[in-house]
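Work through the exercises below with the sequence and the structure side by side. Try each task before reading its solution.

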Amino acid sequence: MKKVLGALLLGATIVSAFIAYSMYTNHSAKQTAAIEQKQAAKKAEKKTEKKKKPVLKIEDLTYQLKDSRTGQVMKEFKPVHYKDKDVYDQEIKRLASELAKGIDTPMQNIKMDANGSLTGGSKQIILKEAELVKNLQNLNTKQLDVKVPIYETAPNVTAASAQGIADVSLASYSTRFRPSDTSRNRNVQLSAEAINNVVLGPGDSFSYNQTVGERTAERGYQPAPEIINKQLVMGIGGGICQTSSTLFNAIDGAGLQVTARSHHSKHVGYVPAGRDATVSWGGPDFKFTNNKDYPVIIKAYANVNTGILTVDVRTSQRAI
């Protein structure tokens, strides 16, 4: 009897264990299935989100062009033609040119007054167009600010460096004009006065048009013959090219670096062929840079009695 009861008890225990195990495995399977379902749902949800989320395109975005000096927004720009390289390159080159026109300012050179003191002068401001174009060619969707590269250069002259600056002549050049041609001579005289006593430090640039300014009747310039398209015609300021040409020969003799010079369309008689420098307001300009490591001063004087215009480039004795 005991054996029978023992067998029944063992059987009951086994059955109970089997039932418990079955219940456990079924519950675990349900839990695993639920977890897998949740994971699958999340993956599906993420895929749906990815499909719904729009892909950012450079040509759909608006970029802010900011002044590199101040961080101020200068213009908003939408690169709608970004994918069409040729069209886009032309567009951003025009944009850079337009912005530069409103920014670029030639250096106003310092002058020396009758007492030997330095006066005036203002910095050169340049927007580097090629650099801006490069920045606009390399846009991305994460950075919507574009640097507009603007650089400022102040005249490189101090009272100490200009001490004794007129002591030694580096080069001098003279040309002749007719004393009887009073209107033309007045123009030569005014333009010579404008460039007289200009001081250029190392690296400083010079623009004849910027320094002399616009030639107008209000500023005292007279009608006189000037060369246009190989013809002599009357124009306000005729004769000032003699000053620019005399200046060219002087600074060339001094070894300064010419950066812009144009010839007349017709030979002029006051300098040898090929040694002229024509200028006009809003047109050709004569420019050069002081490539020396010391400052120089320009001395210019038109003697209307003798008909001699002289330009002298000078510096201090200690500088050479």
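The model used here is predicted.

**Exercise 1. Which residue of strand 7 is the bridge partner of Ile-126, and which way do the two strands run?**

Step 1. Find Ile-126 and look across to strand 7: the bridge partner there is Tyr-151.
Step 2. Count the bridges between strand 5 and strand 7 (residues 150–153): there are four, and the two strands run antiparallel.
Step 3. Now follow the side chains along strand 5 (residues 124–127). Ile-125 and Leu-127 point to one face and are buried. Buried here means under 20% relative accessible area.

**Exercise 2. In what order do the six strands of the open sheet lie, and which are its edge strands?**

Step 1. Trace the sheet from one side to the other: the order is 4-3-9-15-16-8, with antiparallel pairing.
Step 2. Look for strands that pair on one side only; these edge strands are strand 4 (118–119) and strand 8 (168–176).
Step 3. Strand 3 (residues 110–112) is joined to strand 9 by two bridges, and Ile-110 stands opposite Val-199 in strand 9.

**Exercise 3. Why can helix 6 be called largely enclosed by the rest of the structure?**

Step 1. Locate helix 6 at residues 240–254, which makes 15 residues. From first to last C-alpha the helix reaches 21 Å, close to the 21 Å expected.
Step 2. Check burial: 13 of the 15 residues are buried, so helix 6 is largely enclosed by the rest of the structure.

**Exercise 4. Which residues lie closest to the centre of the second largest pocket?**

Step 1. The pocket holds about 240 Å³ of space.
Step 2. From its 17 lining residues, pick those closest to the centre: Pro-106, Met-107, Gln-124, Ser-207 and Lys-287.
Step 3. Assign the lining to elements: strand 5, strand 10 (205–207), helix 5 and strand 14 (287–289) each give two or more residues.

Methods
Residues numbered from 1 in each chain as written. Predicted model: local features only at pLDDT ≥ 70, side-chain atom pairs only at ≥ 80, totals over all residues. Heavy atoms only, no water. Buried < 20%, exposed > 50% of the residue type's maximum accessible area, 1.4 Å probe, protein only. Pairing = 2+ DSSP bridges. Expected span 1.5 Å × (residues − 1). 1 Å grid on protein atoms, 1.4 Å probe; cavity = no way out; pocket = protein on both sides within 12 Å on 5 of 7 lines; lining within 4 Å. Points joined across faces, edges and corners; volume = space filled by probe spheres on them.
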